[in-house]
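Here are my notes on this one, as numbered points. Have the model open while you read.

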Amino acid sequence: MYAYKDQPDGIFPSVCSLDCPDQCGLLIHKKNGKIIKVEGDPDHPVTRGSICNKVRNISERLYDKKRLSYPMKRVGKKGEGQFERITWEEALQMITSRWKKLIETEGPESILPYSYYGNMGVLNSESMDRRFFYKLGSSQLDRKICQSAGEAGYRYTMGDSKGTNPEETIHAKLIVFWGVNAVSTNMHQVVLAQKARKNGAKIVVIDVHENQTGKMADWFIQIKPGTDAALALGMMHILFAENAVDQFFLEKYTVGYEELRKHVVQYDPETVAAITGVSVEDLYSLARLYGTTSPSFIRIGNGLQHHDNGGMCIRTISCLPALTGQWLKQGGGAIKANSGYLAFDSEALQRPDFLQHKAARRINMNQIGQALTELERPVKSMFVYSTNPAVVAPEGNKVRKGLEREDLFLVVHDLFLTETAKYADIVLPASSSYENTDFFTSYWHHFIQIQQPVIQPYGEAKSNVEVFRLLAKEMGFEEPEFRETDAEMINRALDFPENPFIEKINYEALLEKQFMRADVKPILPGKLSTPSGKIELYSEKMKADGYPPLPTYIPIKQDEELPYIFIPAPNHNFLNSTFSNNEKHTQLEKKARLYMNIEDAKASGIEDEQEVRVWNSRGECRLTVSVGRQVLPGVVVSQGLWADVPGTKQLVNSLTPDRLSDMGGGAVFFSGRVNVAKV
Ligand SMILES: Nc1nc2c(c(=O)[nH]1)N[C@H]1C(S)=C(S)[C@@H](COP(=O)(O)OP(=O)(O)OC[C@H]3O[C@@H](n4cnc5c(=O)[nH]c(N)nc54)[C@H](O)[C@@H]3O)O[C@H]1N2
Ligand SMILES: Nc1nc2c(c(=O)[nH]1)N[C@H]1C(S)=C(S)[C@@H](COP(=O)(O)OP(=O)(O)OC[C@H]3O[C@@H](n4cnc5c(=O)[nH]c(N)nc54)[C@H](O)[C@@H]3O)O[C@H]1N2
Ligand code: SF4
Ligand SMILES: [Mo]
């Protein structure tokens with residue numbers, strides 16, 4: 001039998017590698033060796049043949065004539081984008097000779113890897129690369145740009161990233177989308193919610209922006225940014241006051257409900273209404289709806305945790321299902337993230353023990369601008385892969401200033417000459433996930449899937465795994481782990497008795513089946529991984545870590561004294577900055593917009609569809625304003641991480657702060673302030 005990639009024609013199973021909870025099963029149609037169509041795999045039990053428009057059009061990206069097909073070195077000035085073709089041998093030689101010299105003169109910590117999950121494949125995102133940089137003894141990166149604040153908050157309450165099985169949410173009678181733009185970012189949860197709705201469920205959306213998800217709701221609740229913990233505490237106040245709590249559940253499965261009952265007395269409806277902008281009447285309706293509907297399910301989004309108080313916010317919301325005993329109901333509970341169910345042996349894959357000198361400094365990826373411009377022992381070389389920090393990281397102007405440094409030896413491995421790659425000294429072409437072998441674990445559903453290469457590598461493109469194998473060889477690293485095959489690594493990762501749910505899943509079985517459901521048991525009844533083994537409404541651990549032990553509303557920080565809170569959220573047709581450089585997807589998305597309330601617009605003499613200047617001390621953007629009632633007064637929302645096209649000014653992260661969230665060292669993209677005026 002031929003490998004898929006060697007067969008010019010046919011239909012082949014695949015998996016979407018984008019950083020999206022749905023992790024869809026795909027069918028790739030090929031003719032003459034090229035992908036001509038991508039559709040959803042109808043046999044995939046969760047995603048069932050439907051996929052988003054982004055990926056339906058992905059061949060426009062894979063075969064975009066701008067795609068990189070050979071290594072290059074810089075010939076112009078930093079950031080200018082002038083490059084000359086070189087061979088892989090030359091590229092690897094130039095990188096490793098520079099690094100060997102740096103290690104000798106400045107020490108290995110002068111080198112920093114910088115990556116994220118542009119490709120969610122486990123091998124390509126966190127295996128050979130980690131082994132390599134541990135062995136090198138380089139500075140280590142804290143990869144905290146996405147979910148870390150909320151993960152830390154959820155963990156205090158629930159112990160681990162485990163929640164409801166999304167497949168069961170069709171049984172829920174109330175579905176709350178809380179700070180999640182699911183129509184754009186988790187479309188199959190919406191499909192499941194629609195199914196539940198057909199069986200009588202109500203859909204509530206709580207958001208600062210009435211976007212497509214808000215429009216789909218039976219009830220849209222508009223809230224002031226960063227105040228959701230207060231709303232949840234107000235709900236708890238009413239649930240306790242009206243005796244709508246599940247006493248049996250609280251006694252058996254939680255710690256601290258008596259303390260919580262007393263604590264939430266202060267969050268009376270009037271106080272909470274004043275904080276959140278949600279009326280007293282609506283607060284009562286919401287609390288009573290939640291208190292009387294079962295099963296109820298909350299999809300906790302990422303929007304909440306990109307605030308100063310994001311960790312505590314998610315810690316607080318994740319207490320709610322316990323109050324009404326939802327964790328014992330089929331389809332009840334909540335999902336923040338479900339990655340805990342599919343845990344594999346990451347140590348065997350990453351080999352942190354290769355870092356023999358234990359003190360390697362750690363750099364938080366959210367403060368890469370600071371790290372590149374302010375450190376006393378400067379970063380002298382950075383290797384960027386699977387991420388585009390010039391666009392996606394906060395305090396963008398600081399980041400780009402750092403990337404511009406003449407003395408920074410920058411290597412970027414990507415499919416495209418991204419904004420970051422334009423600053424590189426060496427650019428390496430990356431293969432797409434469709435050209436690689438890999439395995440995938442969703443952070444939402446319970447399936448593990450395999451990717452076998454379905455097409456030949458594009459030009460001279462190479463996978464992340466292969467690049468680090470080659471770099472290891474060139475550096476003279478002799479450990480056999482640097483020569484492991486993809487199949488060996490997959491089996492090593494999945495051979496993990498600590499997680500009995502994945503016992504039957506391995507490389508050979510995946511080859512045969514393409515996707516396999518982990519044998520997941522619900523989290524309750526059972527012992528959670530919190531210190532008490534129960535749901536911790538009161539947490540001693542939080543107290544020890546310097547936080548209030550009970551869920552608490554803590555306002556977001558006072559940013560600059562400017563009139564608007566600025567929420568630069570993701571959009572429908574891009575995935576972070578991916579697709580922002582592909583014509584098809586930018587055409588679908590049309591324009592970089594700023595949503596503004598009609599009262600604010602009137603007061604500033606701004607009219608719908610005008611170009612506006614958005615600025616603060618960190619930077620400036622030009623966006624097209626959409627005036628209406630989709631956002632509250634004092635709030636402005638943009639959507640999407642747009643490309644840096646000459647003649648435009650649409651890099652929204654020029655405006656975002658690089659301070660860190662209350663927990664987990666997360667990013668606070670949504671807690672900054674701006675001013676807006678017509679141009
Ligand atoms: N189409 C598309 N899909 C994506 C992505 C993408 O860029 N595009 N990105 C992927 C990634 S990496 C991630 S992490 C997820 C993120 O996807 P989501 O979990 O949906 O998170 P966000 O889109 O960041 O924010 C969700 C919502 O939070 C709202 N929000 C902001 N602040 C607040 C607040 O204080 N309170 C409330 N209640 N709402 C608030 C925003 O208006 C937005 O509608 O999506 C993934 N999927
Ligand atoms: N203002 C604002 N900023 C945000 C957010 C927000 O909501 N608002 N969201 C934040 C969040 S949640 C996240 S997760 C980050 C995500 O930010 P990033 O991780 O930077 O994600 P992308 O912008 O999708 O960039 C991924 C890059 O990886 C490349 N790539 C894909 N596959 C491979 C591969 O196999 N190998 C290599 N070498 N490269 C590959 C792609 O071509 C692309 O350039 O952005 C954050 N930034
Ligand atoms: S981006 Fe998300 S919804 Fe779209 S195909 Fe990939 S996994 Fe599915
Ligand atoms: Mo993310």
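**Notes on the model**

1. Let me start with a proline: Pro295 sits in the loop that runs between helix H14 (280-292) and strand S12 (296-300). Helices here are DSSP runs of H or I with at least four residues, strands are E runs of at least two, and both are numbered from the N terminus. The peptide bond from Ser294 to Pro295 is cis, with omega near -5°.

2. Before going on, the ground rules: this is a predicted model, where local features need pLDDT of at least 70 and side-chain atom pairs count only at pLDDT 80 or more, while totals for chains, interfaces and linings use all residues. Residues are numbered from 1 along each chain as its sequence is written, and side-chain values use heavy atoms, with hydrogens and water left out.

3. Leu524 and Pro525 are also joined by a cis peptide bond, with omega about -5°. Pro525 is in the loop between strand S20 (515-517) and strand S21 (535-536). For context, most peptide bonds are trans, and most residues other than glycine have a negative phi.

4. On phi, have a look at Arg48: not a glycine, yet its phi is positive at about 45°. Arg48 lies in the loop between strand S3 (34-40) and helix H1 (53-56). At 55% relative accessibility Arg48 counts as exposed (over 50%; buried is under 20%, partly exposed in between, with a 1.4 Å probe and protein chains only). Arg351 has a positive phi too, about 55°, and is placed in the loop between helix H17 (346-350) and strand S14 (362-364).

5. How do H5 and H21 pack? Helix H5 (residues 128-136) and helix H21 (residues 464-475) have axes 8 Å apart, at an angle of about 25°. Axes are lines fitted to C-alpha atoms, for helices over the stretch in contact, and angles run from 0 to 180 degrees between N-to-C directions. H5 and H21 are therefore roughly parallel (angles under 35 degrees). Among the H5 residues making the contact (heavy atoms within 4.5 Å) are Phe132 and Phe133, and H21 contributes residues including Phe468 and Leu471. The residues of this contact divide into nine nonpolar, no polar and two charged (nonpolar being Ala, Val, Leu, Ile, Met, Phe, Trp, Tyr, Cys and Pro; charged Asp, Glu, Lys and Arg; polar the others, Gly among them).

6. Thr624 is in strand S25 (residues 619-628) and is buried, with a relative accessible area of 13%. Beyond neighbours within four places in sequence, Thr624 contacts Lys591, Ala592, Arg593, Leu594, Glu609 and Gln610.

Technical notes:
Chains are lettered from A and ligands numbered from 1 in the order in which they are written. Angles under 35 degrees count as roughly parallel, over 145 as roughly antiparallel, 65 to 115 as roughly perpendicular and the rest as oblique.
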